[in-house]
Amino acid sequence: MNRTFFLLIFIAPLIAKDIFYTRSGQVSFFSSTPIEDIKALNEQTTCVLNMETGDVSFRIPILGFNFKNGLMQEHFNENYLESDIYPDAGFKGVINNWDQVTLNEEPQLISIEGVMTIHGVSKQIKETGKISFKNEKVNGTAMFRIIVADYDIQIPKIVRENIAKVVDVNVRLSLKKK
Amino acid sequence: MIRILIIIIGISTTLYAQDDLLDLIDDGFENTYPVNATFKAKRIVNSQSIEMPKPRILDFMILHRFGSMSNGAYDLFGMDEAVIRFDLKYGLSDRISFGIGRSSLNKTFDIFTKVKIMSQKTGYRSFPITLVFFSKMEIETIIKDMSMNDRITYDFQFLLAKKFNRSLSLQLMPTLIHRNLVETNSDSHDLISIGVGGRMKMTKRTSVNFDTFFPIGKRSETYRQGWGIGYDIETGGHVFQLMLTNARGSFESEYIENASGTLEDLDLYLGFNIARVFYL
């Protein structure tokens, strides 16, 4: 009896949990000022969801953001997000009241809470999103705003009129079972 | 006893669960990304850099060189005089760009193109260097009565660059300059040289740059090795480049093969480049 339990202690964590994931999640952002609009799309976002606990983890490679304007992309990496020092943005958190969420085809509102890390700065955030389950896949969407100054991203005076202080972020994911 | 074990199981699983979920799917997968911004501008100081206009971007550049500093305060270190060159370049794709320019020195027109052959990449399919082929045709128009053939000079360069880290980039430039017209019979039509250039970033938006060209083979007695040191300041869509150089002209046959200044009597030139981009 005891032996079985000891075995369980060591083996239980090693047995593959119910994990859903993607490596091609979409994260886009958009900012608008009277002078110019800035938008970029990243389709290389990794996201993992633990179906037992509702824990989620994101890794968003900064170099994976594609801009229509190549010079903006270069400045985004070189001057603002400094992707050579901070190659990834990330989020680690949990879906609130996960035990009360039953997934079905209908997207349902959830709230998600955790630590967002951008440009090496971590910040506790709480946002809402929608989640559904269809064709063996967990689909999630979220829209929220980021205040650029919260993450120590400095915008020089000379381009302050061109770059918005608040950025709209859009997340779209389709997770498959591991 | 059983209860304690269940608690331990619970604790151990939660402990494991606190490990990053991302590790659970880690299989060494890595994306590949091209290396950005090896240099700030399309010139290092005088010389061409591997940077070219991004697709659908028009790049306008003013290259301004004052007169020789050798007269000192009399003409404010050469600032009373100037030679100026304008150029417009356009990015056709990630790999091809072309442009036209005109310099007041010898009233020289030029057309040029840069073709990216390979680019430096990081990640899964990483590649260590960027290789660009640069070619230019210069047409001198200062003398009205001259055959078209005699006006032309060709420049060919391979630009090999590596961005070592966020601050340091270096570039090697094997160069061939072909002059259709030479001053004396003993002068060679074809001149080969190896250029070296680099930049060291000081802050996120400024850097110190240098470049020079080492001659291969014989040169005339008046030949001086061309060099320049500069300071780049980038502000959004603009790049300002301040410089000190021993070459008066800012096109290839001038700053590589016709640099005249020497350090001894401060026969050098101050200058600046301004680059501005337009999105088309």
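Guide: B:S49 counts as buried because its relative accessibility is 0%, where buried means under 20% relative accessible area, exposed over 50% and partly exposed in between, with a 1.4 Å probe and protein chains only. This residue sits in the loop that joins β1 (32–34) and β2 (57–68) of chain B, the strands (E, at least two residues) being DSSP runs, as helices (H or I, at least four) are, numbered from the N terminus. Leaving aside residues up to four places away in sequence, B:S49 touches B:F39, B:A41, B:K42, B:R43, B:I44, B:K114, B:L159 and B:Q171, a contact being heavy atoms within 4.5 Å.

This is a predicted model, in which local features need pLDDT of at least 70, side-chain atom pairs count only at pLDDT 80 or more, and totals for chains, interfaces and linings use all residues. Residues are numbered from 1 along each chain as its sequence is written, chains are lettered from A and ligands numbered from 1 in the order in which they are written, and side-chain values use heavy atoms, without hydrogens and water.

For contrast, B:I96 belongs to strand β4 of chain B and, at 37% relative accessibility, counts as partly exposed. In chain A, the pLDDT (the predictor's confidence in each residue, from 0 to 100) averages 88, and 90% of the residues score at least 70. Confidence in chain A is lowest in helix α1 (residues 2–11), with a mean of 59, and highest in strand β6 (residues 108–118), at 95.
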